[in-house]
Amino acid sequence: MLWGPLELGVPIAITIGLTEGILGATIATFLAGEFGQAALRKKILVSLLFVGGIAGNVYFVWLFAHAGSLEKLISWRPPAESMPAKLAAENPAANGPYQVQKLFYGVGNDVRRPEYGASVRLRTRTVDASDFFKDFKGWQRWARKKYWGFDIDKLPLNARVWYPEGPGPFPLVLIVHGNHNMSDFSDPGYAYLGELLASHGFILSSIDENFLNGGLFHDPPLKPGSAVRGWLLLEHLKLWKEWNQTAGNPFQGKVDLSRIALMGHSRGGEAAATATAFNRMKYYPEDANIKFDYGFAIKAVVAIAPADGQYKPADEHRWIQDVSYLTLQGAQDADVSEFMGSRQWEHVEYTQAGPAFKAEIYAYRANHGQFNTVWGRTDAGKPLSWLLNLKPLMPGEEQRRISKTYISVFLEATLHERREYIPLFQDWRVGRAWLPDTLYVNRYQDASYVPLASFREDADLTTTTAPRGSIAGENLSVWHEGHILWREGNRDYNGVFLGWNRAKGAPAATYTVTLPDAASAKWQLGEGSTVELSVAAMDEDASLPGKKTEEEKKKEAEEKKKEDKSKKKERESPDFTVELVASDGATADVPVSKFIAIPPPFKEKFTKLAIMDEKGYEKDWEPVFQTVRIPLADFRPTNGARPFEPEKLSAVRLKFDRTAMSVICISGIGFGKR
């Protein structure tokens, strides 16, 4: 992240200070009248310093004022000839049939927020969070209390609500913002979602947690503060349960408490997952004196550019079960610059069959702040925002069209059970008429998925996650398993890294995963099944198999000298063949590109200064996974005399025969249902 390289702040400040000091000193020399009597050598020196000071100021004005550059944007686009048909459904980002109403609820005595003062439609109680903040003391606690007018033992339950006119009952959705300057209130920034979702028959409540944010007086202690964000969501759900049962309340009988979704942005995205985990617990993991008794019917979670790891229950990754999960991320996010929602995606598990699914959407040229209308185009406050590269960003309205489309579709699919929208999560291209013209990557998995290989069971490259399966590779230039990296650090889960560099006329490299005996029958594989793998293109060269000759080394060195790093050749989209092998020897195959285009790495330049990108973000790309999902019925026999029967499937082979050279990472191989 940009805020990491603090060591750059000192030299930048010194450089600016010296430039201004030199300019000021030369101007003083001119004005004092001593310049005319000075020796020629001194006149020349002062003049040169004056010109240098002017040039330095012109440079800094230009640096801070211009929007940035497009130098790293990739030009790749998915092939037009392989585009799937557009989804035949209503545009989910268009307003729905319901008239929308709005109200505020809160304690009714807020001294900072007039909308949560005496005019609130529904008065609420405060909640005591002091048990979470036992170590939060001293002047910072005093100052925060002085500013807000309440202490941590009296946190308010405030929110603004958009709801549809009608008898209901309507599904309930809560959304919570993340960390932002606490005096620049964040909860109004999701009005665009409130208006849209209420028109489609959802109640949306945007929760006020600005009093937990940083700003004038330091953040509350990190782990309790992050946990409390989730706990407060559950306390708000308690209110809704009471109102639904209270005679005379405007929401009496209008809330469908069997269909609840939690949403959040940034730290709020992590809070939504935390609340979902707490919802099934009896105690706060860090202190059993804090008892939980919730058990709400949370069906879905949406995390917009979420943080992850700010709070880890009992220092473990947060697992949530049997809920649908959607995470959205902008590639140009200069705040949460790593796709942290993908780690939570890995920690959503399904213990039973059902309609639940999880999906990732990664959008090129989208940032962190434009998902909230208050936060806007800059992912940092001044003066840091002056150094951000803003030129690649799409307009805010376009970026919010992404969140409107995907969030609306997700809630329709999970809370209104409109399954016709599911294909949008499997292949973004079916919704291209609704989405801004940019690039996307999507990963999808549902409760029907059976893992064959997830590369986490042991250190043996030849074993599978499914017991007694096996793996073999041939002619690969790269083959190893290990942690999948972000821009810096890793995701704490593994993948397999495969590379190939096929010389002309040489056999194709292969990677074969053999199923355990009788697995196809056990997993009920057939015409309605799919083979699924999640693939990320790597920004690395596939080294040649074996040792390089001196001539090859010399040629490689010469090519590297010629290469201009700022104009580095764009990576090719990797393509390969998936082949199925049956127990009777029959085979069938299909090229990946017939079903999906795996994009090359998305490149980003976050700041205007290369050194800030290198120090603050390390890499200008990170692996992002595209799900390849192919129905077994769509494979075509390769030895026509013998038909392929999916029920006899014994192995899945990847044949790297379509792209001459590439390196990919695969996070999982398995089977699902259509």
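Gln524 counts as exposed, at 60% relative accessibility. The model in which this residue is seen is a predicted one. Gln524 sits in the loop that runs between helix H10 (519–522) and strand S22 (529–537). Leaving out residues up to four places away in sequence, Gln524 touches Ser529 and Lys673. Lys673 is 149 residues from Gln524 in sequence, while the C-alpha atoms of the two are 9.9 Å apart in space.

Which residues surround Asp575, once neighbours within four places in sequence are set aside? The contacts are Trp500, Pro591, Val592, Ser593, Arg658 and Thr659.

One of those contacts, Arg658, is also a salt-bridge partner: the side chains of Arg658 and Asp575 meet at 2.8 Å, N to O. The bridge links distant parts of the chain, 83 residues apart, with Arg658 in the loop between strand S27 (649–656) and strand S28 (661–673) and Asp575 in the loop between H11 and S23. The two partners fall into separate accessibility classes: Arg658 is partly exposed at 45%, whereas Asp575 is buried at 11%. Elsewhere, salt bridges with shared partners join Lys72, Asp539, Arg571, Lys603 and Asp620 into one network.

Side chains of opposite charge can pair when their charged atoms come close. How many salt bridges does a search of the whole structure find? The search finds 35. Among them is the pair of Glu242 and Arg125, whose closest N and O atoms are 3.0 Å apart. This pair, too, links distant parts of the chain: Glu242 belongs to helix H5 (residues 222–244), Arg125 lies in the loop between strand S2 (122–123) and strand S3 (126–127), and 117 residues separate them. Glu242 has a relative accessible area of 33% and is partly exposed. Arg125, with 32%, is partly exposed as well.

Glu235 and Lys238 both lie in H5, 3 residues apart, which is about one turn of the helix. Their side chains meet in a salt bridge at 3.8 Å, N to O. Is Glu235 buried or exposed? Glu235 has a relative accessible area of 7%, so it is buried. Lys238, at 31% relative accessibility, counts as partly exposed.

The last stop is a pair of helices. Two packed helices are described by the angle between their axes and the distance between the axes. For helix H4 (residues 191–199) and helix H8 (residues 396–415), the angle is about 40° and the axes are 11 Å apart. H4 is therefore oblique to H8. The crossing in which H4 passes H8 is right-handed. On the H4 side the contact is made by Tyr192, Leu193, Leu196 and Leu197, and on the H8 side by Arg400, Ser403, Lys404, Ile407, Ser408 and Leu411. Sorted by class, the contact of H4 with H8 has 6 nonpolar, 2 polar and 2 charged residues.

Notes
Residues numbered from 1 in each chain as written. Predicted model: local features only at pLDDT ≥ 70, side-chain atom pairs only at ≥ 80, totals over all residues. Heavy atoms only, no water. Contact = heavy atoms within 4.5 Å. Axes fitted to C-alpha atoms, helices over the stretch in contact; angles between N-to-C directions. Helix = DSSP H or I, 4+ residues; strand = E, 2+ residues; numbered from the N terminus. Parallel < 35°, antiparallel > 145°, perpendicular 65-115°, else oblique. Left-handed = near helix turned anticlockwise from the far one by under 90°. Nonpolar A, V, L, I, M, F, W, Y, C, P; charged D, E, K, R; others polar. Buried < 20%, exposed > 50% of the residue type's maximum accessible area, 1.4 Å probe, protein only. Salt bridge = Lys/Arg side-chain N within 4 Å of Asp/Glu carboxyl O.
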